[in-house]
Amino acid sequence: MSDHSSGRRLTALAMAPLLLAIGCGRTQPAVPAGTPARSAQAAATDACGPVPRFDSAAFPAIPHIDNQWFPLRPGARFTLEGQVRDEDGSHHHRIVTTVTDLTKVVDGVRALVIWDQDYNDGVLEEGELFFNAQDRSGAVWNLGEYPEEYDPQGRFTGAPNVWIAGMGGAEPGIGVPATAVPGSPGYRQGRVPAIKFFDCAKVFATGQRTKVPAGDYANVLVTDEWGPLAPADGHQRKYYAPGVGNVRVGAVGGESKEDLMLTKVEQLCANALAKVGADALKLDRHGRELSKGARGHTMGGGVYGQTPAAERTVSAQPCTH
């Protein structure tokens with residue numbers, strides 16, 4: 001779970017997942033034998049740090065995300081609430097994130113479909129599907145997003161920030177790392193030149209404690225996120241509680257400041273999850289139909305129309321009440 005409205009996503013790293021070869025027909029060339037170590041390092045880094053190499057063969061056929069900092073269990077629903085402060089004043093912001101029972105194949109990997117509903121002062125401004133998968137090392141990857149925008153009357157106005165890994169030059173990134181070591185290199189969370197999306201993160205601290213309305217959490221991982229292309233946005237600090245996920249978001253610098261805290265954690269039972277899945281499938285279908293043949297920025301250049309349909313292929317743990 002993360003604050004996708006700001007263009008930011010999750011994860012820290014072990015070096016192992018960063019050394020995976022970039023996958024499925026897009027393998028990056030290896031550094032030639034005999035290349036000096038300093039040159040080899042420079043060839044594999046950018047503004048974030050080491051460039052993660054993605055290999056579709058490093059993921060299981062059935063997606064399963066049990067990363068200790070960012071578990072995504074089908075049926076889980078998280079609500080983050082807080083304030084955004086900008087030149088227009090302070091606004092209540094609420095993000096409802098639901099792990100659906102759907103999957104979608106993205107860049108050769110079957111990923112879980114996560115559904116975000118983003119409310120500003122009680123009005124739904126954005127509905128977004130995003131796609132996460134965990135490799136066998138335990139790192140969670142960001143593989144794409146389909147965010148629809150709405151006017152105050154709830155009418156669709158466009159989806160300008162769509163990106164899908166492996167399409168239109170979009171490159172996936174690490175959302176949450178397999179291991180968290182303070183002082184380790186930063187990591188890329190995704191890069192999409194067509195929409196000027198480029199986010200970085202690093203492990204800021206471990207073993208922290210934080211209290212939010214949903215609970216009091218110990219052994220918390222704190223990451224620092226920033227966008228090299230948008231320095232005026234400042235940084236975000238995200239707090240990840242083991243076994244739960246993102247429980248807090250804080251702002252450091254920037255022209256617009258946002259602070260969010262986890263207020264509710266739920267586990268949807270069969271009927272509620274089936275309805276969520278149906279609504280998410282409708283959103284997926286809407287995006288694919290509208291973007292077919294699209295060329296303009298309004299629909300992200302039409303890449304979503306080239307993706308396969310989301311499918312109901314996983315199931316949630318049964319409710320015990």
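Guide: A charge sits over a ring if NZ of Lys or CZ of Arg is within 6 Å of the ring centre and within 35 degrees of the ring normal. The model here is a predicted one.

Visitor: What makes arginine 191 count as sitting over the ring of phenylalanine 198?

Guide: The charged end of arginine 191 is 4.2 Å from the centre of that ring, and the cut-off for the distance is 6 Å, so the contact qualifies as a charge over a ring. Arginine 237 likewise lies over the face of phenylalanine 204, at 3.8 Å from the ring centre.

Visitor: Why is the pair of tyrosine 146 and tyrosine 304 called stacked?

Guide: Among the 7 aromatic pairs of the structure, this one has ring centres 4.5 Å apart and planes at 20°; because pairing requires centres within 6.5 Å and stacking requires planes under 30 degrees apart, the pair is stacked. Tyrosine 146 belongs to strand S5 and tyrosine 304 to the loop between H3 and S15, so the pair ties together parts that are 158 residues apart in sequence. Both tyrosine 146 and tyrosine 304 are buried.

Visitor: How do you know whether lysine 196 is buried or exposed?

Guide: Its relative accessibility is 69%, and exposed means over 50%, so lysine 196 counts as exposed. Lysine 196 is placed in the loop between strand S9 and strand S10.

Visitor: Why can the buried residues of H3 be said to line one face of the helix?

Guide: The buried residues of H3 include Leu273, Val276 and Ala280; seen down the helix axis, the buried residues fall within an arc of 130°, so they line one face. The face turned away from that buried side carries the exposed residues Asn271, Lys275, Lys282 and Glu289.

Definitions and conventions: Residues are numbered from 1 along each chain as its sequence is written. This is a predicted model: local features need pLDDT of at least 70, side-chain atom pairs count only at pLDDT 80 or more; totals for chains, interfaces and linings use all residues. Side-chain values use heavy atoms; hydrogens and water are left out. Buried means under 20% relative accessible area, exposed over 50%, partly exposed in between (1.4 Å probe, protein chains only). Helices (H or I, at least four residues) and strands (E, at least two) are DSSP runs, numbered from the N terminus. The arc is that of the directions from the helix axis to the C-beta atoms. Rings of Phe, Tyr and Trp (its six-membered ring) pair if their centres lie within 6.5 Å; planes under 30 degrees apart count as stacked, over 60 as edge-to-face and the rest as tilted.
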